[in-house]
Amino acid sequence: MRFRAESGKPATIDADVLAVPIYKEDREISGDLAELDAATGGLISSTIDWGEFNILEHYTALIDAGPIAARRILLVNGVRRGRGPWRARRIASTATRRLQGRGVQRLALWLRDGEDEQGFTAAVVGARQGTYRPHAYYGRVRDTDAMLRSVPEVVLVGENAPDQAVIDRAAHIAEGVEFGRSLANRASNDLYPEKMGEVAREFEADGCRVEVLDVPQMQALGMGALLGVGQGAAHEPRLVAVKLPGWEKAAPERRLAIVGKGVCFDSGGISIKPSDKMEEMKHDKSGAAAVIAAIRTLARIAPEAPVMAVAPMVENMPGGNAQRPGDVVKAMNGKTIEVTNTDAEGRLILADALHWAEKQGATHLVDVATLTGAASVAFGDLISCYFARPRDWGAEIQKAADASGEWFWEMPLATEYRPNYDSAHADMVNSGSRDGSLIKSAIFLSEFATVPWVHVDIAGSAYFTADKAVNPKGAVGTAVSTLVELATDYARS
């Protein structure tokens, strides 16, 4: 997909389709929208008046464009959540998704809100997201050539159109988001711990230094929490680490590690999950997919950033050697953990990965994980929640999320709940009571980070369980663009 930006009037842009956002406040057409409507001979207003498009009911409507330069107009629901990158990203993905399979060669996307560079970048990411096909990796015999067509060129139209370098950078981020969602979507028999190591090795061509720790190496380091989770699986655990060139050159007091939960399949182990929808548990590696995709993107647009990605990779299976409820393991930082629930495994692998990242020299940490069902219950599939210590470090990731068009929400790190993890046999248990479990999961992880740290729970937002106007069913690539934005800001400061 090719992208460029133009500052011209939307009525003058030559395109097969002109995508026009319609907002809730457009109940009376005025201003720039009225100017475009007049140029079409009133086609936009008549479509809305007739009921062919209603912002409370419809996502899109494809109509004739009349005498303007474009051949057709695509009215797009402008969503209700404010202006800025979040809106631009969703409008763009809704537009390109609606045009999948059509013969559109050039789409002009009108950014009406006077967007800045962040808005244009978010629109580029969104446009590519809308063309994503989750079945493309494996292929389907029944797909015709027409079904596989996507929009090859997108022109972003707005009064503050940035130069092409900004657009090209955005295209790299968009490709990174797509790469991350493809990793998350890959089947568990295709992407298992050793395979993620092979994926990471490919980044050596981009100048990255890659380490893949095997079981004997992790045993020597004392990673009992991570190894316990994977001991029942046929595929052995791995710890995958990718360091940008900037990591090696950075001042020792300024290094960022992004850590992603990589459970390639989560059966729950001995504390086995219900069988209903267990196939979705291939997405329990979405955190690892996000940090691996982010570091790959950074290697191409900001290799000087002092950043490392760490992905602890396991399968959580109920094999004959599987970890049992009641087992006690020792984490790399020396703390002992009584495993009361083998399905609370993500926090165990992150515990060792966070501590290892600190030992490697990380001065700031962000972990991303599909950690708790409680996050999905509380926030659904639109919002990712995060916890921060200190809060000003959390404000940095909030800023990055806002800039990239992702919806993050801060939650309190209520350390008063720490006694809930007390154990009669060890320093702590790995699973507390259900009440407040979203907060308590972050409190567990806080025991394994001593530097500024943020935990992002994407359990609800990592993948869609059904097709939507904005994205198809499956992984969404959540947090990739936020991590890239955070890392580039971190490098600049």
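This is a predicted model: local features need pLDDT of at least 70, side-chain atom pairs count only at pLDDT 80 or more; totals for chains, interfaces and linings use all residues.
Me: What makes something a pocket or a cavity?

Reply: Both are read off a 1 Å grid over the protein atoms alone: a cavity is a set of points where a 1.4 Å probe fits but cannot get out, while a pocket is an open set with protein on both sides within 12 Å along at least five of seven lines. Lining residues have an atom within 4 Å of a point. Grid points are joined across faces, edges and corners, and a volume is the space filled by probe spheres set on the points.

Me: On that basis, what is the volume of the largest pocket, and which residues lie nearest its centre?

Reply: The volume is about 1,100 Å³. The lining of the largest pocket runs to 39 residues, with Lys-273, Leu-371, Thr-372, Gly-373 and Ala-374 nearest the centre. Helix α12 (373-379) is among the elements supplying at least two lining residues, and α12 gives the most, with 4 residues. Helices and strands here are DSSP runs numbered from the N terminus (helices H or I, at least four residues; strands E, at least two).

Me: How do the lining residues of the largest pocket split by class?

Reply: There are 11 nonpolar, 15 polar and 13 charged residues. For the classes, Ala, Val, Leu, Ile, Met, Phe, Trp, Tyr, Cys and Pro count as nonpolar, Asp, Glu, Lys and Arg as charged, and the others, Gly among them, as polar.

Me: And what about the second largest pocket?

Reply: That one holds about 510 Å³ of space. Its lining has 24 residues, and Pro-134, Asp-467, Pro-472, Lys-473 and Gly-474 are the closest to its centre. By class, the lining divides into 7 nonpolar, 7 polar and 10 charged.

Me: How many cavities are there of 30 Å³ or more?

Reply: The count comes to 4. The largest cavity has a volume of about 260 Å³. Of its 19 lining residues, Arg-90, Leu-382, Gly-405, Glu-406 and Val-476 sit closest to the centre. Helix α3 (residues 85-98) gives the largest share of that lining, 4 residues. The second largest cavity has a volume of about 60 Å³, and its lining divides into 8 nonpolar, 4 polar and 1 charged.

Me: What makes a set of residues a nonpolar core?

Reply: They must be buried Ala, Val, Leu, Ile, Met, Phe, Trp, Tyr and Cys residues joined through side-chain atoms within 4.5 Å. The largest such core has 86 residues, and Ile-292 is one of those with the most contacts inside it. Helix α10 gives the most to this core, with 10 residues. A second, separate core of 59 residues includes Leu-227, Leu-365, Phe-387 and Ile-439.

Me: Which residues does Ile-292 touch?

Reply: Leaving out residues up to four places away in sequence, Ile-292 touches Phe-179, Leu-183, Met-196, Val-199, Phe-203, Val-240, Val-242 and Ala-311. A contact means heavy atoms within 4.5 Å.

Me: Why is Ala-479 called buried?

Reply: Buried means under 20% relative accessible area, exposed over 50%, and partly exposed in between (1.4 Å probe, protein chains only). Ala-479 has a relative accessible area of 1%, so Ala-479 is buried. Lys-277, at 47%, is therefore partly exposed.

Me: What is phi at Ala-479 and at Lys-277?

Reply: Phi is near 85° at Ala-479, a positive value in a residue other than glycine. Lys-277 is not a glycine either, and has a positive phi of about 65°. Most residues other than glycine have a negative phi, and most peptide bonds are trans.

Me: Which residues does a cis peptide bond join?

Reply: Arg-389 and Pro-390, with omega about 0°. Pro-390 sits in the loop between β15 (384-389) and α13 (391-404).

Me: Why is the Phe-444 and Phe-448 pair called tilted?

Reply: Rings of Phe, Tyr and Trp (its six-membered ring) pair if their centres lie within 6.5 Å; planes under 30 degrees apart count as stacked, over 60 as edge-to-face and the rest as tilted. Phe-444 and Phe-448 are 5.4 Å centre to centre with 40° between the planes, and that makes a tilted pair. Phe-444, at 0% relative accessibility, counts as buried, and Phe-448 counts as buried at 2%.

Note on methods:
Residues are numbered from 1 along each chain as its sequence is written. Side-chain values use heavy atoms; hydrogens and water are left out.
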